[in-house]
Amino acid sequence: MAPDALPRLQAVLAELRRVPDILGATIARRDGILIAHALSRSLDPKKIAAMAAAIVGTSEMAAIEMGLGEFNQSIVDTHVGKMMATGAGDEAILVTMVRNEANMGLVLLSVERAVESIAEILRVAEQAAEVTT
Amino acid sequence: MMAGPRVTPPRAKTGIPVLDERLQGGFPRPSTLLLFSDKPTEKRLFGENFAIQGARSGEVSLYVDFFRAPQLARGELKRFGNVPTDKLVFVDAISAQLLLRSEEPYRIEDMNSLDDIRSSILTAIEAVRPARIVVDSMEFLIDRFPKEEVLKVWRELIDAAKAAGSVICFLFINWTLVERDLQTIRAMSDFVVEFQSSLRGGIVRNSMRISQMETDGVRTNWIPYAFKDLVGVTVYFPRILVTGPFNAGKSTVVRALSERAISIDRMGTTVAFDYGSVNVTGIEAEIFGTPGQERFEFIFKIFAREVSGVLLVVDATRPEDLDRGKQMLDLVGPKIPYVVLANKSDLPGALAPHEIARRMDLPDDVPVVPTVATEDKGVRDALLVLAEMIIGVR
C-alpha cells in the first residue's frame, strides 16, 4: 500500500467518530479481512470485519434475488442503536455503529462522505502499487 | 542470574518455530545471509527480529545501522517488547555526521570514507565477537562507493564474521546492479532470504522465501509473515478455510483450533460462517469455516478469496458425502494446498484414511488425518501438516 494510505483511512475514521453518537467505525474488505478500525478496546475488529462481510454478501444476494438492483447499505437495527454496513468502492465496506439518539440525517451524510473518501484512497493506493510492480 | 561465559549454541534460531524446524534448529554458525529484495519491503523487520531473538537467548548481536542513530533504533525496537540492552550492540554511523557526541563504544567517524566504515565495523566484530551481526544495509554503500570496492569490503566482513563464529545478515535492496553482480553476491552467501510485498484491496501482505545456496539445500515456498507487537515476526496465514459437506463437524474443528471462536448457526447448522484465530508454535492464522449446505454456497464465495490453505472436513462414517467434499474443493480453486480431516474417526464404521483417499481419488501427496473434533483429537496435527505444506521445504 502507498505508505500514506493507512493513515489517510485512519483519518477518515477519526473524522467519522467526531460526529455525535457515532460509537465506532471499521473498514473491512468485502471478503471479511480487516483494513482499519476505530473501535473501543472491548470489541474485536477482526470478528466485526468478518461479520460485516457476511452481512453485506448476504444482503447483496438478497437484493439481487428480489430484483432490487445494486447494493448500497445494510442496517441492523437494535434497541441500543444501529449498525450500518455500507459499500465503499468495489473492494471495501464501511461499518458504522451509532446510538439510537443519533441524528440519522447527519450520520448518513457523514457516512456517505466517508465511503467516497475511502473508495478514492484505496483506488489511488492500488494504482500506485501497480505502477511500482 | 549467573554471569559468566556461556556456550553459544551451534545454530542461530530465528525465533519462528516452524522455520527453525525447517532449518534443523536455525541458521548454522558461522554463515552468511543475504536479505534481499528488488524494491522496498519490510525485510528490516526480519533483520531486527533476528538480532533481538539472539539477544533474548543470551547471545550478543551487533547491529550496524547506516540509517538510524542508536538511540532512535533502540526506541523503535521497543515494539518487540523487552530487549536485554547489554546484548544488543550498535555501530553508530549517524552521530558523527550530525556532529553529536556519541556514547556508543563503536562508531564510524567518517561516513565518506569506505575505509573508515570498513575498519570501524571490523574493529567492532573483533572486539565484541558477536553471535549475530546485522548490516543495515548494503545498498547504502553500493549507492555511494565504487561497486568493486564495496564487494571487497563485503567479503572482508564475511571473513571477519566467520573468524568470530557469527551469523552475519546483509540487508540489500538492488537498485542498480546487473544480474551478473547479483550472482556474485548470492554466491558469497550461504542463505538468501527474499522478500516481497503485495497489495490487494487495501491490505499489504508480506512474504519471504529462504533458499540455501548449497546444492540440495533448504528451499521454502513463499511464506507469509506478519509482525506481532511485543513478540516479533510470526508466520501468518490470513485465511485458512475449513470446509466440507453438511454435518461433517466443520464448526467443531474451528472451535477446537481457536482460542475464541464465533459461530453463526441456527438449529445446529452453520448458516453464515465460523471464525476463529489461532496461535500455535509461531504460526498465526485466521480460520474461516464455511457452511456445508449447497443453499449457502454464496457465503462460501465471499470467503473463498486469498486462501492460504484448506482443511477439508469429511465425515468418515458417510462415504456417500465424499463426492460433495471433492466438489467443495473445486469451489476454492486449483493449486491451493489442502489436508483432508477424516472426522468422527472414533465412530463404528468409520473409513480408514487410506480408504477415504482411495474413494476420493486424492493425489498421493494429499494427507488424510483421522480426527475426533469433539475431543480435540488430531485437529491441531492437521493444521500443522497444512502449515508445513504451505511453507514447503526441499
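Biologist: Which hand does the crossing of α10(B) and α11(B) have, left-handed or right-handed?

Modeller: This is a predicted model, where local features need pLDDT of at least 70, side-chain atom pairs count only at pLDDT 80 or more, and totals for chains, interfaces and linings use all residues. Residues are numbered from 1 along each chain as its sequence is written, while chains are lettered from A and ligands numbered from 1 in the order written. For hand, ask how the near helix is turned from the far one by less than a right angle: anticlockwise is left-handed, clockwise right-handed. The crossing of α10(B) and α11(B) is right-handed.

Biologist: At what angle do helix α10 (residues 322–332) and helix α11 (residues 353–360) of chain B cross?

Modeller: Their axes (lines fitted to C-alpha atoms over the stretch in contact, with angles from 0 to 180 degrees between N-to-C directions) come within 10 Å. The angle makes α10(B) roughly perpendicular to α11(B), a label for 65 to 115 degrees. The crossing is at roughly 70 degrees.

Biologist: Why is helix α8 (residues 250–257) of chain B largely enclosed by the rest of the structure?

Modeller: Check burial: a residue is buried if 20 or more other C-beta atoms, placed from the backbone, lie within 10 Å of its own. Among those that pass in α8(B) are B:K250, B:R255 and B:L257. The helix is largely enclosed because 8 of its 8 residues are buried.

Biologist: Which are the edge strands of the open sheet in chain A?

Modeller: Here 5 antiparallel strands are ordered β2-β1-β5-β4-β3, pairing meaning at least two DSSP bridges. Strands are DSSP E runs of at least two residues, and helices H or I runs of at least four, numbered from the N terminus. Pairing on one side only are β2 (34–38) and β3 (73–77).

Terms used:
Buried ≥ 20, exposed ≤ 12 C-beta atoms within 10 Å, placed from the backbone. Parallel < 35°, antiparallel > 145°, perpendicular 65-115°, else oblique.
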